[in-house]
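The following paragraphs lead the reader through one protein structure, from the chain as a whole to single residues. Please keep the sequence and the model in view while reading.

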Amino acid sequence: MANSWQGGPYGGPYPGNSPQQGYAPPPGWAGPPVLVAHGSLSRRFVAYLLDIAFIFGFSCLLWLAISFLGVITFGVAWALYAILPASGILYSAITVGGPRQSTLGMRMMGLRAVRATTGGPIDWITAAVHALLFYVALSTFLLWLLDIGIGVVRADRRMGHDLILDLAVVREA
């Protein structure tokens, strides 16, 4: 049986390639599946290094905005400084959960995140949880090693936090 990104939505041929030209796709089908390109771990690593710089810039802008709001509200808005540690998760939720389905670093490396089973887009909550799981694994050496090890062993290069949320990071077509 073919994977969902190699055949139609349920492993069969694409609706446009079938002899039945009037065939309508089932409800909830997100369009043509995405081909998974193997060996994207190095691209993901470089994209993450680029994203560190973008997250730093995003955090600085967020810090300035909170400072300005704090002065205007006589210190009340300074309580928003509590969201600064989560700026990486906010960045991923906004960018990966957006219409382009990728962070700025992923765009520069030609990658995007999709649902592994349907090839469809990811909502912003799933993108935030994906980033949270990545940062939890990154903060613990053994979890990070296991996460990377799963990605190296698998042919589709999906890491552990990708498998938990049924995501795939693929190359742009």
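Among contacts in the protein chain between residues at least 6 apart in sequence, 62% join residues at least 24 apart, a contact being heavy atoms within 4.5 Å. The model is a predicted one, in which local features need pLDDT of at least 70 and side-chain atom pairs count only at pLDDT 80 or more, while totals for chains, interfaces and linings use all residues. Residues are numbered from 1 along each chain as its sequence is written, and side-chain values use heavy atoms, with hydrogens and water left out.

The protein chain holds 6 helices and 2 strands. Here helices (H or I, at least four residues) and strands (E, at least two) are DSSP runs, numbered from the N terminus. Along the sequence, these elements follow the pattern α-α-α-β-α-α-α-β. Of the 173 residues in the protein chain, 39% are buried. A residue is called buried under 20% relative accessible area, exposed over 50%, and partly exposed in between (1.4 Å probe, protein chains only).

The buried residues are Ser87, Gly88, Tyr91, Ser92, Ala93, Thr95 and Val96. They pack against four elements: helix H1 (41-72), helix H3 (104-108), strand E1 (111-115) and helix H4 (124-139). Ile94 also belongs to helix H2, but Ile94 is exposed, with a relative accessible area of 57%. Between the C-alpha atoms of Ile94 and Trp124 the distance is 6.5 Å, although the two residues are 30 apart in sequence.

How is the packing of two helices described? The axes of H1 and H2 come within 9 Å and cross at roughly 105 degrees, which makes H1 roughly perpendicular to H2. Axes are lines fitted to C-alpha atoms, for helices over the stretch in contact, and angles run from 0 to 180 degrees between N-to-C directions. Angles under 35 degrees count as roughly parallel, over 145 as roughly antiparallel, 65 to 115 as roughly perpendicular and the rest as oblique.

On the H1 side, the contact of H1 with H2 is made by Asp51, Phe54, Ile55, Phe58, Ser59 and Leu62, and on the H2 side by Ser87, Gly88, Leu90, Tyr91 and Ile94. By class, this contact of H1 with H2 has 7 nonpolar, 3 polar and 1 charged residues. In this division Ala, Val, Leu, Ile, Met, Phe, Trp, Tyr, Cys and Pro count as nonpolar, Asp, Glu, Lys and Arg as charged, and the others, Gly among them, as polar.

The residues of the contact of H4 with H5 comprise 6 nonpolar, 1 polar and 1 charged.

Aromatic rings also pair in this model: a search of the whole structure finds 4 aromatic pairs. The rings of Phe58 and Tyr91 have their centres 6.4 Å apart and their planes at 45 degrees, so this pair is tilted. Rings of Phe, Tyr and Trp (its six-membered ring) pair if their centres lie within 6.5 Å; planes under 30 degrees apart count as stacked, over 60 as edge-to-face and the rest as tilted. Because Phe58 lies in helix H1 and Tyr91 in helix H2, the pair ties together parts that are 33 residues apart in sequence. Phe58 is partly exposed at 24% relative accessibility, whereas Tyr91 is buried at 6%. Elsewhere, Tyr48, Phe134 and Tyr135 form one aromatic cluster.

The strands remain to be described. E1 and E2 pair in the antiparallel sense over 5 bridges; two strands pair if DSSP finds at least two bridges between them. Ala113 has Val169 of E2 as its bridge partner, and Val114 stands opposite Ala168 in E2. E1 is mostly covered, with 4 of its 5 residues buried, and for strand E2 (residues 167-171) the count is 4 of 5 residues buried.
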